[in-house]
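Subject: Handover of a protein structure

Dear colleague,

Please find below the structure that I am handing over to you. My notes on what was found in it follow directly after.

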Amino acid sequence: IQSKNESTEPFFITLAYNAPHNPYQALLSDYENETGLHHERVYKAMIKAVDRGVGNVIDSLKSTGKYDNTLIIFTSDNGGTHLVGIDDINYPYNGWKCTFLRVPMFMQWPNKIPKGIEYNKTVSHVDIFSTITSVVNHNDSSVDGKDLISHVLKKTNDEPHDTLFWRSGDYRSIKVNDWKYSISDHMDKQWLFNIQNDPQELNNLINNVP
């Protein structure tokens, strides 16, 4: 982190934690302060370590006078895996890691984004690049992402994306407006959900398709 006495040029940091992810291991001091079954305590302790690390970054930004004018984006690349043994790890959503379920994305920029805004339209991780480049006034219309700042601040009412695609091996999904269609060649299965009416993806409508 640059100090407030150094250059005012923009800076960029990517902080990619491998926790909570295997290998599942944590500090004993964090583990002992948690409750539940062994695997649950380990998982909670790993999350606590991430929280502490993010807090250290924020403290550094504040101590250097850069906190109020820094955009912080916190998100996850995947939902929780079934391997950890916690059945409701992605509650209230149905599915696991690599099944393309919703994940949290938080943005904070005290000088720009008012507190308490909740944005419910569909966004994607591809939007992070476009959002950052827009912040430093380097827009590139050739990329797929959208500047989320303008959407969050309601400078535009357009949907960021009408259609999104995902793929992991033989598992593929497409989301078009309120509809999400997924197919797995390995499992020889298909799923169709209206995620506006069924955000938990519990009612597979594929058999209702003519």
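Leaving aside residues up to four places away in sequence, Asp 68 touches Trp 109, Pro 110 and Asn 111. Asp 68 belongs to the loop between helix 2 (38-63) and strand 1. With a relative accessibility of 42%, Asp 68 counts as partly exposed.

Please note that this is a predicted model. The protein chain has 4 helices and 6 strands, and their order along the sequence is α-α-β-β-α-α-β-β-β-β. The C-alpha trace spans about 65 × 50 × 30 Å along its principal axes. Of the 210 residues in the protein chain, 27% are buried. The chain exposes about 14300 Å², and carbon and sulfur atoms supply 50% of that area. Among contacts between residues at least 6 apart in sequence, 46% join residues at least 24 apart.

Salt bridges come next. A search of the whole structure finds 4 of them, and I describe some below.

One of them joins the side chains of Lys 48 and Glu 34, at 3.1 Å from N to O. This pair links distant parts of the chain, 14 residues apart: Lys 48 is in helix 2, and Glu 34 is in the loop between helix 1 and helix 2. Glu 34 is buried, because its relative accessible area of 17% falls under the 20% limit. Lys 48, with a relative accessible area of 29%, is partly exposed.

Another salt bridge is formed by Arg 172 and Asp 185, whose closest N and O atoms are 2.9 Å apart. Here too the pair links distant parts of the chain, 13 residues apart, with Arg 172 in strand 4 and Asp 185 in the loop between strand 5 and strand 6 (189-194). Both partners are partly exposed: Arg 172 has a relative accessible area of 25%, and Asp 185 has a relative accessibility of 45%.

Lys 180 and Glu 201 also form a salt bridge, with their closest N and O atoms 3.0 Å apart. Lys 180 lies in strand 5 and Glu 201 in the segment after strand 6, so this pair ties together parts that are 21 residues apart in sequence. Lys 180 counts as buried at 4% relative accessibility, and Glu 201 counts as buried at 11%.

As for charge in general, the mean positions of the 20 positive and 26 negative charges of the protein chain are 4 Å apart. On the surface, Asp 158, Glu 159, Asp 162 and Asp 178 gather in a patch of negative charge. Asp 178 is found in the loop between strand 4 (171-176) and strand 5 (179-184). Its relative accessible area is 36%, and Asp 178 is therefore partly exposed.

Helix 3 deserves a separate paragraph. Within helix 3 (residues 126-135), the buried residues are Asp 127, Ser 130, Thr 131, Thr 133 and Ser 134. The buried residues of this helix pack against helix 4. After helix 3 comes Asn 137, which has a positive phi near 60°.

Phe 100 is not a glycine, yet its phi is positive, at about 60°. Phe 100 sits in the loop between strand 1 and strand 2 and counts as buried at 17% relative accessibility. Lys 154, likewise not a glycine, also has a positive phi of about 60°. Lys 154 is found in the loop between helix 4 (148-152) and strand 3 (163-168), and at 65% relative accessibility Lys 154 counts as exposed.

Finally, I draw your attention to cis peptide bonds. One joins Ala 19 and Pro 20, with omega about 0°; Pro 20 is in the segment before helix 1 (28-32). Another joins Tyr 91 and Pro 92, with omega about 10°. Pro 92 is located in the loop between strand 1 (72-75) and strand 2 (105-108).

Yours sincerely

Definitions and conventions. Residues numbered from 1 in each chain as written. Predicted model: local features only at pLDDT ≥ 70, side-chain atom pairs only at ≥ 80, totals over all residues. Heavy atoms only, no water. Helix = DSSP H or I, 4+ residues; strand = E, 2+ residues; numbered from the N terminus. Buried < 20%, exposed > 50% of the residue type's maximum accessible area, 1.4 Å probe, protein only. Contact = heavy atoms within 4.5 Å. Areas by Shrake-Rupley, 256 points an atom, 1.4 Å probe, with all protein chains shown as cover. Lys, Arg positive; Asp, Glu negative; His and termini not counted. Charge placed at Lys NZ, Arg CZ, Asp CG, Glu CD. Patch = residues over 30% accessible without salt bridge, like charges linked within 9 Å, V, L, I, M, F, W, Y side chains within 5 Å.
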